[in-house]
Amino acid sequence: MVLPKFSLDAEILGQERMAEAVYRMTVHCPEIAEVAQPGNFVQMRLLGGEIFLRRPFGIADADAGKGTLTFMYRVLGRGTAAFSCLRPGERVNVLGPLGKGFCMDVERPLIVGGGMGLSPLLFYAKSMGKKADVLMGGKHASEMFWTKLFELYAREIYVTTDDGSMGTKGFAVSLLPELLETKNYDAVMACGPDIMMQKTAELSKAAGVPCQVSLEKRMACGLGACLSCSIDTAGGMRKKVCKDGPVFWAEEVFL
Ligand SMILES: Cc1cc2nc3c(=O)[nH]c(=O)nc-3n(C[C@H](O)[C@H](O)[C@H](O)COP(=O)(O)OP(=O)(O)OC[C@H]3O[C@@H](n4cnc5c(N)ncnc54)[C@H](O)[C@@H]3O)c2cc1C
């Protein structure tokens, strides 16, 4: 389905610090909230100032009733630092919804996310209409505010942290073989660091469970025109992460 796209100046309704350098921004943007699908993203631009290029962010929530969009983002460089300084009442330009989202036609998905990759998966979990199991990994307990956000939509939440400060010590994928073997999932939906998605795809394939991955590539236009986010695919064709993805079946792409 081709979604309509909007480029709108949206008022910031909320900007909260969730953890060290991690923020949640909510904007009023009814046109995009009405049509956005889980896995879609937006390209956000600052109004004024020196930073002209848009930055891509996954949609963590779209509430058509309230007309709001929510994003979770980590401050990495100049663009995200500038977004984090904006306050409610100020505006940003939002272009979206962009890209192809997650397959919704599954019954018992396992959601696998690491770090900021959990953001688009939150919208997916909410939109599923039934509770799904969630496997999430992070560096430290202080970054695992995600458990509270997923609580409403999750059946079971399995947590790992690199240092063992919350849940099981280690990486999320270390729990995956047992979950895949014992829980009868019919799909795995993954977003996170490349290595996590590689392992998740490998283990899902070995268990015979179809897997979707949401990829992150540096991109400029977000509309399929500039080709900066092109990737090779297993079928031999080049595809654009912004337009053909960011969500792909894992077997389609080289991870
Ligand atoms: C489809 C898509 C969805 C995304 N969703 C989210 C999200 O929900 N939350 C979130 O925090 N981030 C998300 N990102 C990554 C986010 O867009 C970048 O972190 C942001 O653009 C960095 O901008 P900056 O100006 O702060 O950093 P820059 O000054 O541009 O770069 C700072 C550092 O960030 C790295 N970086 C820049 N762009 C990307 C990128 N696209 N992917 C990975 N690393 C990058 C650079 O290599 C550099 O090390 C997403 C990226 C894509 C492609």
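Q: Which helices and strands each supply at least two residues of the shell around the ligand?
A: In this predicted model, the elements that do so are the strands β4 (55-58) and β6 (68-74), plus the helix α2 (78-84).

Q: What makes a residue part of that shell, and which are the closest?
A: The test is a C-beta atom, placed from the backbone, within 6 Å of the molecule. 21 residues surround the ligand, and the closest are Gly58, Tyr73, Gly77, Gly79 and Thr80.

Q: How do the shell residues divide into nonpolar, polar and charged?
A: There are 10 nonpolar, five polar and six charged residues in the shell around the ligand. Gly counts as polar and Tyr as nonpolar.

Q: How do you know which domains the shell draws on?
A: Check the residues against the domain bounds: at least three come from each of domain 1 (6-98) and domain 2 (109-252).

Q: What makes a residue count as buried, and what percentage of the chain does?
A: A buried residue has 20 or more other C-beta atoms within 10 Å of its own. Of the 255 residues, 42% count as buried.

Q: What makes a set of residues a nonpolar core, and which residues have the most contacts inside the largest one?
A: Such a core joins buried residues of the listed nonpolar kinds through C-beta atoms within 7 Å. The largest has 69 residues, with Leu69, Val94 and Ile111 having the most contacts inside it. Helix α3 (residues 118-127) gives the most to this core, six residues. Domain 1 and domain 2 each put in at least three residues.

Q: Which residues does Ile111 touch, leaving out those up to four places away in sequence?
A: Ile111 touches Leu121, Tyr124, Ala125, Ala132, Asp133, Val134, Leu135 and Met189.

Q: How many residues does each domain bring to the contact between domain 1 and domain 2?
A: The centres of the two domains are 21 Å apart, taken over C-alpha atoms. Domain 1 brings 20 residues to the contact and domain 2 brings 18. On the side of domain 1 that touches domain 2, β6 gives the most, three residues. That side divides into 13 nonpolar, three polar and four charged residues.

Note on methods: Residues numbered from 1 in each chain as written. Predicted model: local features only at pLDDT ≥ 70, side-chain atom pairs only at ≥ 80, totals over all residues. Helix = DSSP H or I, 4+ residues; strand = E, 2+ residues; numbered from the N terminus. Domains from an automatic or database assignment. Buried ≥ 20, exposed ≤ 12 C-beta atoms within 10 Å, placed from the backbone. Contact = placed C-beta atoms within 7 Å.
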